[in-house]
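Here is a protein model to look through. Keep the sequence and the structure side by side.

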Amino acid sequence: MWKPCPSPSPLRSQDVFYSIYVIYALHSNESIKRKAIKIRLDTVYLNNVSDTETSEKIQKSGILQVFASLLTPQSSCTAKVANIIAEVAKNEFMRNSCVDAGLIPPLVQLLNCKDQEVLLQTGRALGNICYDSHTLQSQLINMGVIPTLVKLLGIHCQNAALTEMCLVAFGNLAELESSKEQFAYTNIAEEIVKLFKKQIEHDKKEMIFEVLAPLAENDIIKLQLVEAGLVECLLEIVQKTVDSDKEDDIAELKTASDLMVLLLLGDESMQKLFEGGKGSVFQRVLSWIPSNNHQLQLAGALAIANFARNDGNCIHMVDNGIVQKLMDLLDRHVEDGNVTVQHAALSALRNLAIPVVNKAKMLSAGVAEAVLKFLKSEMPPVQFKLLGTLRMLIDAQAEAAEQLGKNVKLVERLVEWCEAKDHAGVMGESNRLLSALIRHSKSKDVIRTIVQSGGIKHLATMATSEHVIMQNEALVALALIAALELVTAEKDLENAKLVQILHRLLSDERSAPEIKYNSMVLICALMGSEPLHKEVQNLAFLEVVSKLRSHENKTVAQQASLTEQRLAVES
């Protein structure tokens with residue numbers, strides 16, 4: 001939201017605006033009207049016009065329409081008029097009146113003026129009129145104020161009041177998505193970094209930070225800020241404030257390190273700072289992880305998670321020892337640790353585990369054991385990342401999947417989290433890991449552990465998920481259960497109403513081809529159980545499957561023929 005622009009010197013209250021209107025109304029001669037208005041403006045400038053009573057009289061008087069004609073670079077009273085408009089527009093009920101009086105277009109034109117006082121009061125007037133209105137702010141953007149304001153910042157960077165006015169405007173306009181593209185085509189990054197380097201006072205830096213945060217959400221501007229040298233400024237702030245216990249320094253450290261992490265969310269800006277793992281910025285970030293400062297630990301782990309967004313970076317970092325640093329960090333936060341640091345470190349490990357070549361290395365380094373220490377966590381964000389990390393680690397790693405799948409404490413926790421309806425992410429990841437343990441281990445011991453822990457019903461429910469990938473993972477896991485341990489799982493499969501679920505999936509035209517295929521494979525596997533076989537016969541699967549023989553997907557059609565034959569023989 002647009003913040004109200006402060007007035008350099010508040011005006012005092014008298015019934016003067018009505019006087020202006022009376023003078024205006026009594027004279028038909030245009031020059032007399034203008035002269036009268038100018039004389040009265042000198043008086044008005046010394047009076048408070050922002051109070052409600054005076055504003056109401058102004059609203060009724062029609063004087064605002066007169067002001068529109070006075071807002072010209074040639075008029076000697078332009079700055080005073082703009083100042084009065086700025087004061088009047090502090091009252092919410094006056095803003096529409098200012099818009100209706102047509103004040104916005106001439107005010108926008110005045111931003112091209114060279115007079116610094118006119119520019120300041122014009123900026124204040126526009127800011128107050130458009131306060132709390134995305135519609136009016138969008139109108140200003142469409143009228144081209146962003147390039148104009150950026151240019152003003154560069155020209156008048158020595159004028160503190162004008163600079164502040166520009167920063168307030170940038171901070172608010174930048175919150176609108178439509179502004180980002182316009183900002184990206186200006187030299188805002190260069191100007192704002194230049195201004196930032198000059199600042200000593202905390203308040204001034206904070207004001208610039210409020211502009212940088214929304215701007216840095218745009219990937220193009222992220223790169224521009226990096227190229228303009230913002231990262232070096234941020235690192236300098238971190239270095240100066242890291243050991244301070246002053247409140248302002250602690251706040252500045254957090255803002256600077258958070259902004260650093262935000263810059264790394266852009267692919268190009270991230271890769272530029274990584275520099276093949278040899279970049280000075282990357283190296284400095286690495287030094288944050290063993291720090292004793294929780295904010296730096298957090299920022300360091302989040303930065304690594306952001307650097308770990310492509311296989312090349314992940315492989316390089318794992319080969320150069322980053323995993324041990326992250327595990328050491330986690331060890332420091334096992335007992336009553338900082339939840340945000342736990343979450344960030346687990347995020348980094350999860351991303352690093354994505355490349356196939358990294359999985360075995362990370363398992364050998366003891367990452368699974370380090371992650372399992374957080375199994376007792378009651379914090380959903382930590383639970384979510386823990387689950388994701390383990391799932392990435394065991395992908396195509398049969399031995400690790402079997403070892404984890406036989407861990408009764410882990411499986412029981414997964415079954416518990418599968419019922420975490422208040423936390424959809426945790427519930428989904430628990431189901432996926434349960435399925436992954438079976439799919440990647442193909443182990444009877446793992447299946448027995450999951451059956452004994454009550455996991456079957458969750459896999460059956462997972463088969464009805466709205467996400468095709470989760471449906472498919474569940475069906476493959478259930479097919480392995482049916483093929484390897486049907487007798488053990490028979491009762492649970494029956495109680496989970498799996499046969500009815502499969503009938504619905506096959507009957508539903510919206511089911512994806514792979515879902516239909518794996519459902520039929522599973523039906524064939526379930527035929528080895530007498531009670532499940534009876535359920536299949538009772539639900540007339542033969543009719544549903546026979547229709548699928550003409551399915552447009554050849555694999556589905558072929559499996560339908562095989563399944564139909566099996567059903568016919570077993571009937």
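The questions below cover one arginine and some aromatic rings in this predicted model.

Q: Is Arg391 buried or exposed?
A: Arg391 sits in helix α26, residues 380–394. Its relative accessible area is 12%. The cut-off for buried is under 20%. Arg391 is therefore buried.

Q: Which residues does Arg391 touch, not counting those up to four places away in sequence?
A: Contact here means heavy atoms within 4.5 Å. Residues up to four places away in sequence are not counted. On that basis Arg391 touches Glu429, Arg432, Leu433 and Ala436.

Q: What geometry does the pair Phe170 and Phe183 have?
A: A search of the whole structure finds five aromatic pairs. Phe170 and Phe183 form an aromatic pair, with ring centres 5.7 Å apart and 80 degrees between the planes. Planes over 60 degrees apart count as edge-to-face. The pair is therefore edge-to-face.

Q: Which helices hold Phe170 and Phe183?
A: Phe170 is buried at 0% relative accessibility, and Phe183 is buried with a relative accessible area of 0%. Their pair ties together parts that are 13 residues apart in sequence, because Phe170 lies in helix α11 (residues 160–173) and Phe183 in helix α12 (residues 177–184). The helices are α11 and α12.

Definitions and conventions
Residues numbered from 1 in each chain as written. Predicted model: local features only at pLDDT ≥ 70, side-chain atom pairs only at ≥ 80, totals over all residues. Heavy atoms only, no water. Helix = DSSP H or I, 4+ residues; strand = E, 2+ residues; numbered from the N terminus. Buried < 20%, exposed > 50% of the residue type's maximum accessible area, 1.4 Å probe, protein only. Phe/Tyr/Trp six-rings, centres within 6.5 Å; stacked < 30°, edge-to-face > 60°.
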